[in-house]
Each structure stands twice: as structure tokens, then as C-alpha cells.
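Here is a structure to look at. Some questions and answers about the labels used for it follow.

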Amino acid sequence: MNKNISRRDFVKNTAMAAAGLPLLSSSIAEAKQNKLSKPKFIATEPNTLTWVDGSKPALQYGTAFGVPWPKGKHPKGTEFRLINAQGKNVPAQTWITATWPDGSIKWTGHAISGADTVSDHYQVLPGKPSLPSVTVQVKETNDGVYVDTGKMKCVISGKGEYLIPSIERNGRKIFENGCLTGSKQSSPETGSPRVPFTSDISAIKVEQNGPIRTVIKIDGTHKNSDGTKWLPFSVRLYFHANSDAIRMVHTFVFDGDEHEDFISSLGVKFEVPMHDELFNRHVRLSGQGKGIWAEAVQGLTGLRRDPGAEVRKAQIDGKAVPPAHTWDKRVSSRIHWIPRWGDYKLSQLSANGFKIEKRTKPGHSWIPADQGPRSSGTAYIGGASGGVAFGMRDFWKLHPTQIDIRNAASDKAEVTMWLWSPEAQPMDIRFYHDGMGQEINGPLPDVEAVDGVEPSIPETAYAKQLDALNITYEDYEPGFGTPYGVARSTDLFFVICEGTPSKTFLGDFATSVEQPPQLTVQPNDFLNAGVFSNMWGLPDRSTKKLSELEDRLDWSIQYYNDQIDQRHWYGFWDYGDFMHTYDTDRHVWRYDIGGYAWDNSELSTDMWLWYSFLRSGDVNAYRMAEAMNRHNRDVDIYHKGRFAGLGTRHNVQHWGCSAKQLRISTSMNRRFHYFLTTDERTGDVLREVLEADRQLANINPVRKIPGQPFKVEDCRIGVGTDFGAAAANWLTEWERTGDPKVKGWIEEAMRSIGNSKWGFFTGAFAFDIDSKKMTEPEDPQPRASHLNTMFGLPELCAELIELIDIAEFKEAWLNYCRLYNAPQEVQEAALGNRYRDPGFVQSHSRITAYAAAITKDEKLAERAVPELLDDEWGVHGNAPKMEKLLSTTHLEGPEVLNPVDEAPWVGTNDSAQWGLAAIQVSALVGKHVK
């Protein structure tokens with residue numbers, strides 16, 4: 001076989017290998033329409049919105065959601081209206097979040113206020129929107145922004161320490177001096193001196209200005225007591241028409257020295273003027289679920305003398321008690337002897353335990369009040385005449401957290417919502433080992449062969465690091481396992497109350513904070529709009545084998561949902577992520593073994609969860625995907641510093657691995673969350689990574705691997721994970737803005753790949769970070785990696801082919817799809833005998849199915865099905881037979897610390913990659929899955 005095959009011969013030989021085969025009986029679109037199974041919710045009208053969690057919430061203070069539209073259906077300028085379940089107009093605010101290449105609307109964002117009665121479902125229709133009777137009013141000044149929702153007036157500062165100097169309701173100040181606060185120390189040891197810091201505002205911007213929803217963004221840094229600045233922050237404030245609630249999204253970026261700057265507390269602080277008598281002041285703290293701990297600052301119950309039933313009931317209900325002169329004089333004359341409890345705290349230092357304590361004032365002991373497993377993280381402080389209800393989302397999941405109320409017996413109570421509790425150990429985010437000699441040049445000690453291959457005598461640190469990777473799967477490099485530049489976001493909620501809320505209200509408030517209500521359209525609407533590629537369809541149980549596939553898909557979602565709680569995948573930096581691989585001997589996930597620990601989006605776990613939700617409406621899939629995106633958009637990606645724009649490969653710590661790559665930071669994982677929810681923080685990150693590809697000039701992803709066709713100092717872009725990630729970033733920006741320059745980058749890259757000799761088998765191209773021009777190497781040899789398709793490349797290419805007509809790119813991708821899993825003789829005919837098949841047949845069954853559906857190739861479709869199924873449903877052949885597949889082993893007793901369910905064959909390969917393959921093969925060539 002002549003190794004010097006031309007691109008023309010490559011295309012010709014590939015086509016010949018599939019020539020003469022009959023066509024599929026239906027196209028992709030027809031295959032989708034022929035599904036016999038139905039999604040979990042069936043709407044009678046298109047674009048019907050229902051609540052993600054299945055039923056309407058008891059309380060919601062305003063929500064935003066995205067709606068997809070088919071190409072060409074609605075031109076820019078189309079207005080939309082919202083109707084409720086009774087067909088009545090509901091005031092809604094609309095904006096465009098993405099467009100199709102022809103300029104028509106692809107995605108719209110919508111917002112509704114909580115002022116209107118909550119409906120079971122809604123529908124979005126073209127038409128004149130209804131306006132609320134009261135709209136949000138915004139006034140910008142040199143000093144900041146004033147917002148009037150109709151129920152409250154809020155002053156927001158554009159400089160200084162206080163983000164929210166004041167909030168009034170009915171002409172009375174109820175909230176004052178809202179700021180950020182915290183402390184750090186130079187050592188993680190207890191007793192090290194703490195240096196306090198507070199917020200220092202640098203900018204303020206009105207991002208949305210009514211009439212129903214207003215969004216204000218405040219940027220700044222934290223300022224230490226000595227004046228030095230660090231920890232950049234952004235805070236968004238959300239207001240809704242005729243609402244007394246504010247949502248705050250707090251984000252900070254760690255930019256300290258992890259060896260010297262140990263955060264010992266981090267929070268949001270504000271004051272509440274206390275106007276009522278001490279016995280009319282009330283504290284409420286939430287327990288688990290809707291449980292409420294309720295007490296007065298000066299209690300009138302349980303005393304030796306009874307003030308009267310009416311007095312006791314009023315205080316218990318949080319209402320103003322009758323005047324003191326109407327009480328039993330044995331109480332009213334001695335009221336000054338009843339303690340005033342001024343300070344309270346609710347601390348949640350682990351996922352499974354909180355405690356409530358109170359004291360009269362500083363200098364006196366804390367008294368234990370109660371405790372429980374998991375607090376919902378909500379509270380109230382104020383009096384019978386008004387106060388503030390407040391809460392933190394994911395309070396116990398993001399431990400160590402705390403709520404402090406101080407000085408409730410004075411003129412102003414002070415509240416601190418601690419994102420990192422001052423009672424916890426200081427935040428220690430140093431790398432977890434010392435390198436174990438991997439940073440030193442020189443020969444290795446004697447080592448044994450790995451997979452039958454004798455190690456060479458390494459003389460460099462890189463060789464040592466590669467050798468260490470062979471045992472722990474960790475890619476280590478000195479200075480790379482740094483947290484500098486990672487971020488974390490927390491959602492906080494505030495309600496400005498006219499009186500002490502009822503316990504029923506506070507229970508509903510706790511539910512809405514723990515799980516904010518979210519509206520969504522139905523699976524059919526996503527599918528019919530043609531968004532997120534043409535590679536997926538609705539659940540199909542029309543044959544026994546398809547039904548088994550759906551059972552396995554459902555089982556996987558439920559299994560991971562259960563594992564999160566059983567394995568306690570919680571904590572400030574960890575919540576939202578999954579573990580990568582299981583340890584069958586210890587009966588634990590490999591939390592402490594290099595590259596087998598936290599997943600960090602490896603193998604498209606996010607995409608698996610999102611596609612599972614899109615096609616089924618499964619609430620567990622949605623909530624896991626949402627939590628994962630909220631985690632990995634902040635923690636697994638660098639937002640500042642040397643690695644800005646890149647993400648970190650799976651590791652014991654989310655920032656630990658030295659593989660800083662585009663494949664983790666790619667928009668491909670997070671664009672779902674943005675378009676479905678319009679989340680502005682996610683939108684920020686999508687924009688941050690727009691030109692993350694520029695980092696390819698600074699950090700060569702394959703710098704440690706010998707035998708590369710490029711020098712280490714050359715800028716190169718891999719045709720798989722690098723191109724897929726960069727192009728997804730460009731595509732997302734082009735959809736959002738229509739920027740022709742960004743479209744040009746996409747077209748340039750598509751033509752470069754399409755016109756290259758080997759197309760997607762090229763391996764890597766030289767890359768110009770300014771023009772985005774990709775140049776194939778001289779005398780390239782065909783190569784492929786099993787990772788090429790595992791980070792969104794198939795879905796991306798399917799979208800690009802639909803959106804931009806570049807024939808050579810389409811043909812190059814179809815060639816790759818046909819050949820990757822092809823028999824050896826077919827591969828050699830097209831690629832020559834030097835090509836080596838990288839394996840992972842099952843994961844790539846989906847691209848075989850895609851090529852079959854696009855080209856209507858019946859035999860290719862028949863090949864795709866056994867590629868998916870013949871490995872006994874497991875990527876590496878390690879899964880049990882089907883009859884044992886949908887079950888787990890329950891473990892408890894001396895072998896495990898806590899009762900757990902175990903399915904030791906499950907990992908991100910077997911769930912995320914298998915899940916995507918099953919979803920796509922069944923959608924594309926489902927009639928062959930028998």
C-alpha cells in the first residue's frame with residue numbers, strides 16, 4: 001500500500017468502501033417523527049412551559065427562562081406574549097439570546113415577576129406583550145443606581161464599601177449597609193492572626209432595565225485592612241416588578257498566594273434597623289425542609305408568671321403583642337428581668353450537621369438551642385412591624401456555611417451570611433502533594449513494565465511525570481496545580497417584609513431558595529426547534545432492545561442522583577461535580593487517586609445530563625446538569641492569571657492536574673444552561689472563553705509526549721479536542737451576537753480541515769491565534785485519538801454542517817465518521833497501513849450512526865448498532881449481563897462507613913459516553929436496534 005495517498009484518493013477510496021449500499025428508508029427528521037414512545041410530559045400546544053420540578057411552586061419571586069424557535073419561523077423584531085393555563089395574558093419581558101444564520105430568532109429569553117398568581121403552565125406566543133400595572137423604575141446617577149419595584153426602593157452604590165446602602169418599604173428603612181466581608185490569615189493553623197477585608201466597588205452597570213425585570217451588576221475587589229486589594233468579585237442584583245424580593249448572585253475569583261493567603265471567612269453582611277419593643281422582635285432560622293426555629297428576642301412564654309394566652313399567642317405568631325399594661329402585672333412589672341437574647345448563629349460545618357446557638361451579648365456564653373442534619377439556610381430578623389427574610393441557595397451542600405445575627409437587642413441588628421464559616425478551618429487550597437521528585441531532572445528508580453512495555457531511561461522531569469501518570473493517572477507538573485484564577489458563585493435571596501412572616505411562608509421561602517422555581521418548554525419543543533444538533537431524539541420503546549436502552553439510560557440518571565448523596569459529593573469547592581472512577585476493593589470512588597477522582601467534565605458528563613433532560617424532561621437530570629454547570633463554569637476553569645480561559649483535567653483537586661486544556665473550558669458543555677435559563681453568570685463565562693484558543697500559543701497540550709510533528713514552542717491546534725472546544729466557543733458567540741468576524745473564524749477553520757489531505761485524521765494543524773488560520777503540517781501522516789469525539793466534537797460538527805454550507809468540511813467529517821470504526825481493510829484502503837486504530841468502538845458508534853443517517857446508508861446503519869450493543873453494554877467489556885445491569889449491590893456494616901449502593905462497573909466512560917452513544921444511535925438508526 002502506497003503511504004503517500006492524496007486527499008482526492010482518500011475521499012475516493014472512502015466513498016468506494018461504502019459504494020453500492022442501499023439507502024436508509026427515512027432521513028434523520030423522518031426518524032425522529034416516527035418515534036412511538038412519548039416524553040414524560042405531553043403538551044397539547046407548542047412552546048408550553050411547565051415547572052421543571054413537576055408542579056407549580058407555592059412561592060416564586062420572579063424567574064427567567066429560554067425558549068427555542070425553528071430556523072426562519074420568527075424574524076428579529078417579533079414580539080411575544082405569555083398566557084397562563086386559563087389563557088389569560090401574563091406580563092412578561094422578552095429579549096433575544098441567539099439567532100440563526102438567516103437572522104431569524106433561535107432563542108429568546110423571558111422573565112416573569114412573582115407578583116402575578118403562579119400558574120400550572122404557560123405558553124409563549126407571538127403577539128403584543130402584556131405590561132404589568134406596576135413596572136420597575138430605574139434611575140442612574142453619578143453615585144449609583146436607584147431601583148423602585150413598586151413595593152420597595154433600593155439604593156445601589158457605584159463606589160465605596162457598601163453595595164446596597166439602603167432599602168425602604170412604605171417609607172421606612174428596613175435594610176442598610178449591605179457589603180461583602182471576610183478575613184484571611186497567613187497560616188491554616190488555628191490561632192493565626194486574622195486580617196479582615198471588605199468590599200471595594202469599582203464599577204456598576206444596569207444590564208437589564210425593566211419593565212418587569214431589572215439586573216444590576218457590581219464589580220470590585222476585596223480590600224484588606226491595610227488597603228491592599230485582592231479577590232475580584234462581581235455581584236448581580238435581580239429585581240422584579242411589584243416585588244419585595246431581591247436575588248443576589250455573588251462570584252469571587254481567588255487571586256491570592258495559596259501558600260500565604262488562607263481565607264478564614266467570606267460573607268455578605270447587612271444591618272436591619274430594629275424599631276419594635278424587644279418582645280416584638282423576632283428571629284427565625286430554618287431547619288431541614290420546611291422546619292422553622294422561631295423565637296423572640298425577649299420571650300414571654302414559659303415564664304413563672306403568665307402574661308396571658310393572647311400575649312403568648314401573638315408572640316408565637318410574630319404579631320405585635322397587646323400593650324404591656326393589659327398583661328398580668330406580675331409579668332409587666334418584672335419584664336426588665338427577662339433576658340434579651342441579642343446574638344444568634346446557625347452553623348452548617350458539614351453536609352450532615354447544623355447547630356443553632358444564642359447568647360445575650362458578647363462576653364457571655366453561647367447557649368445550645370437546637371441542632372439537626374441539614375438546614376435549608378434561610379432566616380428572618382426584624383419585628384412585628386417589618387424586617388428581612390433571607391437565604392442562601394445550596395446552604396448545606398456548599399458547607400462550611402453559617403448565618404450570624406448580632407445585636408438584635410440594639411437599634412440595629414447585624415446579619416452576616418457566611419459563604420465560608422469563620423468557625424470552620426481556614427480554606428486550605430494548596431496542592432495536595434510535594435511532587436514526589438517529579439519536578440527534578442535525572443533518571444528514575446527501577447520501574448517495571450507497564451502494559452508489557454519496558455520504560456525507557458528517562459532523563460527529564462517530563463519523562464518522570466509521564467511515568468507517574470502510568471500509575472496514578474495524574475498529570476503532574478510543578479506550579480500547574482494552582483487555584484490562582486478559579487472562582488465560585490453563590491446565590492442569595494432577600495425579602496423586605498412588612499411584618500414577621502408566618503411559618504408557612506418561611507417554609508415555602510426555604511423551598512424556593514433551596515430549589516429556585518424554573519420554567520421550561522417540553523422535549524418536543526426542543527426537538528422541533530432543531531437546537532443542539534440533529535443527533536438526538538425522544539425516548540423510544542418501540543422494540544425490546546430500544547426499551548432496554550431507555551431502561552439503562554433512566555437507571556444511570558437515578559444511580560448518579562443517589563450517589564451524590566450517599567457519597568457526600570458536597571462542599572464549597574466540590575458540590576456539582578461527579579467522581580470519575582470507582583475502587584471496587586475499598587467500595588469507594590477513587591477520591592484520592594490522581595486522575596480518577598473529580599471528573600471536571602471529562603468525557604462530556606455535562607452533555608450527557610443535558611441531552612437526557614432535553615429528550616425526557618427528567619427533573620433529576622436537570623438539577624444535576626444545572627449544579628454541574630454552576631460548578632464547572634467557575635471552579636474547573638481559570639478566570640484570571642497564567643491559565644485564564646483554560647480548564648483543568650480530572651484530579652483529586654479541581655485545579656490539580658497539569659493538563660490545562662480547552663476541552664474542559666469549552667462552551668459546548670455550558671451553552672445548554674445559558675440558553676435554557678438565560679443565566680448571566682454562565683453567559684459571562686461563555687464570553688470569557690471566546691478566544692481561549694490564544695492560550696495554545698502559551699501552553700502546548702501535548703508538550704510532554706515525544707514524537708509530535710510540532711516543536712514544543714510551536715502553536716498547534718489538535719483537530720479533535722482543541723478544535724472542537726475553540727469552534728464551540730466561536731459558534732456560541734456567533735449565535736449570541738451575529739458577529740461576522742467570529743463567523744469568519746469558523747469558516748476559515750472548516751475550510752482548513754476540509755481542504756487538508758487527511759481531514760479529521762490530520763491530528764494537528766499549525767495555528768495562528770489572531771487569524772485562526774489552520775495550516776496542515778508538511779507530509780502529514782493519518783492519525784486519530786479516541787478522545788477526539790469525547791468532548792462534543794460530533795454534536796458540534798453536526799451543528800456546523802447544518803448552519804454553514806462548506807461541502808469539503810462535511811465530506812471530511814463524514815469520512816471520519818465512516819472510517820473510525822470501519823473494518824481494518826477499509827481503513828487501510830483509505831488511510832494506508834501506517835494508520836493505527838485508537839479503539840473505543842462503542843463510544844464512536846454514534847458517529848457511525850450519524851454518517852449512516854446523513855448519507856442514508858443502510859449497511860452503515862446496521863454496522864452502528866452492534867458497535868453500540870455487542871460489548872455487553874459496557875465501554876471496556878466490564879459491565880455485567882443485561883439482566884444484572886439495572887441493579888445495584890447494597891452495602892452496609894463493617895465494609896463501608898455508611899450504607900451505600902454499588903455498581904462497580906459504572907464510571908464516566910460507562911455512563912456519559914455510553915449514554916450519549918445510546919441516545920444518538922437510537923435517534924439516528926433506531927429502527928435497526930431490535
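Q: Why is Ala-697 called partly exposed?
A: Ala-697 has 38% relative accessibility. Buried means under 20% relative accessible area, exposed over 50%, and partly exposed in between (1.4 Å probe, protein chains only). Ala-697 therefore counts as partly exposed.

Q: How do you know what these values rest on?
A: The model is predicted: local features need pLDDT of at least 70, side-chain atom pairs count only at pLDDT 80 or more, and totals for chains, interfaces and linings use all residues. Residues are numbered from 1 along each chain as its sequence is written, and side-chain values use heavy atoms, with hydrogens and water left out.

Q: What makes Cys-715 and Ile-769 contacts of Ala-697?
A: Contact means heavy atoms within 4.5 Å. Ala-697 touches both residues, not counting residues up to four places away in sequence.

Q: Why is Gln-913 called buried?
A: Gln-913 has 0% relative accessibility, so it counts as buried. Gln-913 lies in helix 22 (residues 908-925). Helices (H or I, at least four residues) and strands (E, at least two) are DSSP runs, numbered from the N terminus.

Q: How do you know that strand 1 and strand 28 pair?
A: Two strands pair if DSSP finds at least two bridges between them. Strand 1 (residues 48-51) and strand 28 are joined by 2 bridges and run antiparallel. Thr-50 has Thr-520 in strand 28 as its bridge partner.
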